[in-house]
Amino acid sequence: MDSEAAADFSRTLTTRHKCPACYKQYKKKGHLVEHMKVSNHSVHEPRCGVCQKHCKSFESLREHIIGPLPKANCSKIFSAQGCNLCLRVFDSSSSLSEHKRSYYGTVKMPYSDSNFVNQNCRVPEAIAIDCEMVSGGSDGSLDLCARVCLIDEDENVILHTYVHPQIPITNYRFEITGLTEEHLRDALPLNVVRENILQILYNAEPTGRARLNGGKAGLLVGHALEHDLDCLGMTYPDHLLRDSAKYLPLMKTNLVSHSLKYLTRTYLGYDIQAGVHDPYEDCVSVMRLYKRMRSLNHQKDGIEISTAAYHSQNTSSNYGSFKAEELEKMTPDELYEISQPNYKCWCLDSK
């Protein structure tokens with residue numbers, strides 16, 4: 001073997017094919033292709049403000065920069081110029097200070113009658129909901145809605161009312177709900193509350209004209225929304241739900257949901273649910289989380305994905321339209337360009 005052939009052979013042995021998003025390296029181009037097929041890298045992933053590495057969630061990004069074993073250079077720069085809440089890196093300490101003044105906050109609780117419906121409220125783009133539940137059933141295992149709150153994007157109350165369940169209550173869960181029999185004595189029946197909520201969400205339009213078909217229905221924001229909807233005995237189109245418990249960037253690295261209390265403390269900088277739970281307080285927190293995620297400024301719009309694929313969390317990418325040999329001829333950047341996210345980023349709601 002001559003020296004030139006030996007050099008080519010040596011380069012082949014040491015060549016690494018690097019993912020342009022998460023920086024993983026592979027000896028074989030085919031292994032990189034397989035990685036790109038399943039990684040669902042996109043501009044919508046959380047990204048380190050120092051090295052620009054993509055992470056699957058904000059939890060994994062947090063570990064990258066301020067975890068037990070952070071990336072040394074990223075951690076050093078972030079400690080001086082980064083925000084511990086939104087995880088952005090700023091160009092100066094003054095920019096960071098200005099950001100913190102507008103980012104950190106608490107909830108100012110409004111006064112609200114026990115049965116309050118804001119008749120003059122314009123139906124907003126997004127509405128946050130939270131329910132407080134008591135126990136029903138012979139063994140107390142049923143969750144019954146006993147209080148519900150809806151707010152708009154400006155944290156104004158749209159509806160705040162006690163709810164009279166359709167079956168007897170076995171446990172008021174007073175330590176958590178603060179509710180007693182007296183609170184629910186003159187409460188609105190569940191079916192009346194449900195009808196009011198649907199009228200608000202659909203903007204008094206027929207349910208068939210949901211936004212997917214050009215209707216004026218609002219986005220419904222909440223945490224673990226299936227529990228709230230179930231206890232209200234109602235359904236709402238999946239493509240109009242914005243659930244902070246199921247939003248991939250806000251989940252744990254093993255795709256398990258965080259509590260709203262943790263998300264509020266970690267990403268908004270204040271504590272909730274210190275004692276009795278107030279549905280208005282929870283509504284405000286989940287709306288603020290939604291608006292933070294919606295306002296993220298990604299480099300490009302990204303690729304729209306089908307409603308069915310979005311809800312199955314199993315989006316098929318563009319890779320299937322290429323033959324294996326065509327994919328292996330692509331550069332890592334070209335592979336990244338055809339990669340699609342497996343969730344709909346909330347920033348697309350503002351597009």
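**View 1. Lining of the largest pocket in the predicted model**. Of the 29 residues that line the largest pocket, Arg-47, Arg-88, Leu-296, Asn-297 and His-298 lie nearest its centre; a pocket is an open set of points on a 1 Å grid over the protein atoms alone where a 1.4 Å probe fits, with protein on both sides within 12 Å along at least five of seven lines, and lining residues have an atom within 4 Å of a point. The volume of this pocket is about 680 Å³, taken as the space filled by probe spheres set on the points, which are joined across faces, edges and corners. Helix H3 (58–66), helix H5 (93–103) and H11 each supply at least two lining residues, helices being DSSP runs of H or I with at least four residues and strands runs of E with at least two, numbered from the N terminus.

View 2. Just after H2, Asn-40 takes a positive phi of about 55°.

**View 3. Surroundings of Val-148**. Not counting residues up to four places away in sequence, Val-148 touches Ile-129, Asp-130, Cys-131, Leu-159, His-160, Thr-161, Val-163, Val-193 and Ile-197.

**Notes.** Residues are numbered from 1 along each chain as its sequence is written. In this predicted model, local features need pLDDT of at least 70, side-chain atom pairs count only at pLDDT 80 or more, and totals for chains, interfaces and linings use all residues, while side-chain values use heavy atoms, leaving out hydrogens and water.

Conventions. Contact means heavy atoms within 4.5 Å.
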